[in-house]
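This report is meant to be read beside the sequence and the structure. Please look through both before going on.

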Amino acid sequence: MSDDRRPREIRQVLATVLFEPDEIEQLRRAFAPAEFVHVHPGDAEGITRALEHVDVAVIPGDLDERFLAAPQLAWVHCGHAGLTRSAVPEVFERGLLVTGSAGRSAPALAQHAFYFALALTFDARRLFEQQSAHTWGSLDGYEQRFALWGKTLGIVGFGHTAKEMARLGKAFGMRVLVYRRGAVESSPDVDLMLSADEGATLDQLLDEADVIMLAAQLTDATHHMFSGEQFTRMKETAYLVNLGRGGLIDQDALVEALYAGQIAGAGLDVTDPEPLPADSALWDAPNVVITPHTTPRLPDRTQRTIDIVVENIRRYRAGEPMLNMLTERDIYTRNQRV
């Protein structure tokens, strides 16, 4: 991909996002004086015609062959957070800039992670079963449980969602460890920052964390980064929470670890594949909480996406580095199930 940071002109724009009219108008004004065309995402003919000449596109989902083949297209903004399906080698071979809306739902996603952590810590499933049975009384062994306060939270990744996880972890009185890909950045919410680029491994986080939250990108380098070796190293009392992508975990190894008691439980909003097949052993694995890749939204989620696009319009025209831009380190070629 070119590192050309000279000012760039925007001449013609295609938008296929299903925003309200006033929200589309915000985009139209931000792209002015460029020609702006809004087409329904289901209008295949209209999209094909527009892609013959536009140099920028704002779309709700991921790239497909139409966008990769568009002759003038220079920048595509995908209006969602996880760009695994778009992180294909062809993007970089043709020098296409691809950005996303990471961060628009970060506070909600972090709360979702703590929904899992709290449900597992407080054994919510058995408590609900007891309530349904109209039974009053303590669960066996419940007095031996410890709350999150004073425990160690390990976070893998340090993007928008992970930063919110760290902030909530400190609010819950937890010690926070982070393992991230890039160079270490200081944060008041993190007690120890570990960087793969600086030679760190997952080992210390695996050894010390009582709750591990995954918020990393799924790339060729992170595919199955949690497998048998990692589960063996984790504490038997530890919980694993995944808000990233299902492919971060070797699912067969996770099921084996849960049944063997190598870890205490898991909270999963993502699986591999999705939807999770009805006959998957994961459904009935011990102490697992599963949600179907869905999180309650923030009231201003669309506006957050618009704000990202507007800032990136400024950066694109100025030749500055853009927010949430795919790099070659993000490539994922193993499969396209996310």
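By class, how many nonpolar, polar and charged residues does the lining of the largest cavity have? The lining has five nonpolar residues, one polar residue and two charged residues. The model described here is a predicted one.

## Cavities and a pocket

The structure has two cavities of 30 Å³ or more.

| Space | Volume | Lining by class |
|---|---|---|
| Largest cavity | about 50 Å³ | five nonpolar, one polar, two charged |
| Second largest cavity | about 40 Å³ | five nonpolar, four polar, no charged |
| Second largest pocket | about 240 Å³ | three nonpolar, four polar, three charged |

The largest cavity is lined by Ala119, Leu120, Asp123, Ala124, Arg125, Asn287, Val288 and Val289. Two or more of its lining residues come from each of α5 (106–121), α6 (124–132) and β12 (288–290). Aspartate 123, one of the lining residues, sits in the loop between α5 and α6. Its phi is near 55 degrees, a positive value in a residue other than glycine. Most residues other than glycine have a negative phi.

The lining of the second largest cavity consists of Asn242, Gly246, Ile249, Gln251, Leu254, Leu268, Val270, Thr271 and Leu282. No charged residue is found in this lining.

Around the second largest pocket are Thr121, Gln144, Arg145, Phe146, Lys151, Asp210, Thr237, Tyr239, Ala264 and Asn287.

Isoleucine 59 is placed opposite cysteine 78 in β4.

On the α1 side the contact is made by Glu23, Gln26, Leu27, Ala30 and Phe31. On the α11 side it is made by Thr302, Gln303, Ile306, Val309, Val310, Ile313 and Arg317. The residues of this contact divide into seven nonpolar, three polar and two charged.

The loop between α1 and β2 contains proline 33. A cis peptide bond joins alanine 32 to proline 33, with omega about 10 degrees.

## The sheet of seven strands

A further open sheet has seven strands in the order β8-β7-β6-β9-β10-β11-β12, and the pairing is parallel. At its edges stand β8 (192–195) and β12, each with a single partner strand, so one side of each has no neighbour in the sheet. The twist averages 15 degrees from one strand to the next.

Strand β6 (residues 152–156) and strand β9 (residues 211–214) run parallel and are joined by four bridges. Here isoleucine 155 is opposite methionine 213 in β9. Helix α7 (residues 160–171) packs on this sheet, where it touches β6, β7 (175–180) and β9. The direction of α7 makes about 175 degrees with that of β6.

A cis peptide bond is also found from aspartate 272 to proline 273, with omega near 10 degrees. Proline 273 lies in the loop between β11 (265–268) and β12. Most peptide bonds are trans.

Key. Residues numbered from 1 in each chain as written. Predicted model: local features only at pLDDT ≥ 70, side-chain atom pairs only at ≥ 80, totals over all residues. Heavy atoms only, no water. 1 Å grid on protein atoms, 1.4 Å probe; cavity = no way out; pocket = protein on both sides within 12 Å on 5 of 7 lines; lining within 4 Å. Points joined across faces, edges and corners; volume = space filled by probe spheres on them. Nonpolar A, V, L, I, M, F, W, Y, C, P; charged D, E, K, R; others polar. Contact = heavy atoms within 4.5 Å. Pairing = 2+ DSSP bridges. Axes fitted to C-alpha atoms, helices over the stretch in contact; angles between N-to-C directions.
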